[in-house]
Amino acid sequence: MEQRKYSTGTKGRLKKHSDECREFIQANAPSFGLANEFIESIDAEREDKVWQKYMTPESIRPELEAWLNGEPLPAHSPSLHPKILKASELKA
C-alpha cells in the first residue's frame, strides 16, 4: 500500500496526527464498528484539531479501554499548552 503524503504546513501535520490516532484506534478496537463509534464520540465534526489533545496516538489507549469497558473516561494527559506562570507565582 502506498504511503499517504501530507503537506509540511500546519494543516498537513494536523491531518497526519489525526489519521495516526484514528488508525491506532481501529487497530486496537475489537471491531471496525466500535472503532468508528469511539472516533465519533471524540470527533463528531471530523475536525483534525480535536486530536491535538493527544500527544501521541498511543496516549488514546486509556480512554479507548475505558470506553470499551463502559467506564468513565480518564482525565486527559497534560495539555499541549501548559499554563505559563508569572515569576511572582513561582515558589522559591
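Predicted model: local features only at pLDDT ≥ 70, side-chain atom pairs only at ≥ 80, totals over all residues.
Residues are numbered from 1 along each chain as its sequence is written, and side-chain values use heavy atoms, with hydrogens and water left out.

**Whole chain**

Start with a cartoon view of the protein chain. Its secondary structure comes to 3 helices and 0 strands, in the order α-α-α along the sequence. Helices (H or I, at least four residues) and strands (E, at least two) are DSSP runs, numbered from the N terminus. Of the 92 residues in the chain, 24% are buried. Buried means under 20% relative accessible area, exposed over 50%, and partly exposed in between, with a 1.4 Å probe and protein chains only. Contact means heavy atoms within 4.5 Å. Among contacts between residues at least 6 apart in sequence, 49% join residues at least 24 apart.

**Select His17**

His17 is in helix α1, residues 10–28, and is buried, with a relative accessible area of 16%. Leaving aside neighbours within four places in sequence, His17 is in contact with Trp51, Gln52, Tyr54, Met55, Thr56 and Pro57.

**Select α1 and α2**

Two packed helices are described by the angle between their axes and the distance between the axes. Axes are lines fitted to C-alpha atoms, for helices over the stretch in contact, and angles run from 0 to 180 degrees between N-to-C directions. α1 and α2 pack at an angle of about 140°, with their axes 8 Å apart. The two helices are therefore oblique to each other. Angles under 35 degrees count as roughly parallel, over 145 as roughly antiparallel, 65 to 115 as roughly perpendicular and the rest as oblique. To see the contact, show Arg22, Ile25 and Gln26 in α1 with Phe32, Ala35, Asn36, Phe38 and Ile39 in α2.

**Select Phe38**

Stay in helix α2 for Phe38. Is this residue buried or exposed? Phe38 is buried, with a relative accessible area of 1%. Not counting residues up to four places away in sequence, Phe38 touches Ile25, Ile60, Glu63, Leu64 and Trp67. Phe38 and Leu64 are 26 residues apart in sequence and 7.4 Å apart in space, C-alpha to C-alpha.

**Select α2 and α3**

Helix α2 (residues 32–42) and helix α3 (residues 61–68) pack at an angle of about 115°, with their axes 11 Å apart. That makes α2 roughly perpendicular to α3. Show Leu34, Glu37, Phe38, Ser41 and Ile42 of α2, and Glu63, Leu64, Trp67 and Leu68 of α3, which make the contact.

**Select Arg46**

End in the loop between α2 and α3, where Arg46 is placed. Arg46 is exposed, with a relative accessible area of 59%. Phi of Arg46 is near 55°, a positive value in a residue other than glycine.
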